[in-house]
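Please look over the sequence and the model below, and then follow the paragraphs that lead through a hairpin, an interface and a pair of rings.

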Amino acid sequence: MLKKILTLTVITGLVLVAVLISENPKITAPLKLESKPQTPVAIIKNSTTRQYNPQGQLEYLLKVETAEQFLRVNPKNDKPLSAEKGYTELSQPDLTLFQSEQTPWNITAENGRAENNGTVITLWGDVVVYRSLADGGEYIMSTDQLEVRPLEQLAETDRAVTIRSPNGVANAVGMRLNMINNVTELLSQVKGVYESNPLP
Amino acid sequence: LPSDRNQPIEIDAERAERNDKTGVTTFIGNATLTQGTLKISADSIRVKQNPSGVDNIVAEGQPAKFQQQPEANEPLVKAEAEKILYSVAKETVNLSVNAQIDRGDGSTINSDSIDYDIRESHSVASGDSGVKIVIQPQTEENSGNEQQ
C-alpha cells in the first residue's frame, strides 16, 4: 500500500515539474557575446546616471545595481579599442525615461548591456515596461528582451510581448514603442482580448 | 445571443498599433473580432477605449462582414458594408457604404446606411440612393401549413 502511495506521489511531482517548465520557458542564457576580455576596466556599484538634454531637462535616469565596463579588443592586434567602442554590463537595470507633459516610462530587467556611449541599451530577462496612464490605468508590457534607444525614446523587440491595460490584454510577436507619441506597434500574430463592459 | 454582451471581445490580426493618447488600438490585416456568437471580419478593426471599457469598434473592409445569432432558435443575421460601427455599450451596429443585411428569414435589405439594434434585432435603413428590400415568397409547403 505504502509503495503505491509513494509511486503516485513521484508521478504527480514529475507531471507538475513538466507543466511548469513548458509553461514559462524563461530566457536564462544571456545573449551571445563575442569573446569577452577577462576583467572589466571598471566596476561601479549602485550607480545612478542622469542624462539631460541641451535645454537642461532630464531625459532619462538609469539606476544599476552593478555596472561592469569592458573595452573591446581589436581582433587583429589584440589591442584595446577606444572606450566609446566598449560596453557596460548592467545588473538589475532600472531605466526611467522622461517626456514633457506626460507621465514617464519605466523599464526594468534582470540584465542589460549599454553600448555606443549608452545610446543603445539591450535588456533581457523579465523585461517590464511600465507607465501609469492619464485616466488612472496602467500600461504594463512584458517581454524577455528589449532594445532601448533612450535618447530617441524608442524601444523595440522581435520577441513575444504581452501588454496589459485597464480592460484588456494584447499578445503579439515583435513590438516597436515610441515613448514620445505613446504609440506601440505590434508587429505580428496579434491577439487582443477586452473585457465586456459592465451593464449600465 | 443576449449573453454575447457579457462575453469578452477577442480580436486577432496580423499587426496592430496602439495609441495611448487617443485610447485607440487599430488591428490591421485579416482582422477578426469575436464576442460570443457576434463575429466581425475586416481589413482593419479600430477599438476605442474609455476608462470604463470598450467604447466603440469600427471595422473597415471591402466589405467588412458582421454576423450574430439573435436568439438560440433563430437563424444567423448576416450583414456587410465597407464600414461597420459597433457601439458596444448601446448594443447597436451601423453599417455604411454598400450596406446589406440578411436576417436569415429570406429577407435582405440593401441601402447606403443601415442601423441594426442588436437587443431588439431590429433594423432601420436609409440612403440617398434609396432602400431595396427583398422578401422571399413563402414556399407552398409553408403557406399550406398555415391554412390547416
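B:Asp115 has B:Val124 as its bridge partner in strand 9 of chain B. That strand, residues 122-126, runs antiparallel to strand 8 (residues 107-117) of chain B, and five bridges join the two, where strands are DSSP runs of E with at least two residues, numbered from the N terminus, and two strands pair if DSSP finds at least two bridges between them. Strand 8 and strand 9 of chain B form a hairpin with four residues between them, and in its turn B:Ser121 has a positive phi of about 55°.

The model is predicted, so that local features need pLDDT of at least 70 and side-chain atom pairs count only at pLDDT 80 or more, whereas totals for chains, interfaces and linings use all residues. Residues are numbered from 1 along each chain as its sequence is written, chains are lettered from A and ligands numbered from 1 in the order in which they are written, and side-chain values use heavy atoms, with hydrogens and water left out.

Between the two chains, 29 residues of chain A are in contact with 29 residues of chain B, contact being heavy atoms within 4.5 Å. Together chain A and chain B bury about 2,300 Å², of which 46% is on carbon and sulfur atoms; this buried area is the accessible area (1.4 Å probe) that two parts lose on being put together, summed over both.

Across this interface the rule finds two salt bridges, each defined by a side-chain nitrogen of Lys or Arg within 4 Å of a carboxyl oxygen of Asp or Glu. In one salt bridge, the side chains of A:Lys191 and B:Glu10 meet at 3.3 Å, N to O. Strand 5 (102-108), strand 9 (154-165) and strand 11 (183-194) of chain A are the elements that give two or more residues to the side of chain A that touches chain B, and strand 11 gives the most, with 12 residues.

Strand 11 of chain A is also joined by five bridges to strand 1 (residues 9-13) of chain B, and the two run antiparallel. Within this pairing, B:Glu10 is the bridge partner of A:Val193.

Over all chains the count comes to four aromatic pairs, meaning rings of Phe, Tyr and Trp (its six-membered ring) whose centres lie within 6.5 Å, with planes under 30 degrees apart counted as stacked, over 60 as edge-to-face and the rest as tilted. A:Phe70 and A:Tyr87 form a stacked pair, 5.5 Å centre to centre with 20° between the planes. Because A:Phe70 lies in strand 2 (residues 58-70) of chain A and A:Tyr87 in strand 3 (residues 87-91) of chain A, the pair ties together parts that are 17 residues apart in sequence.
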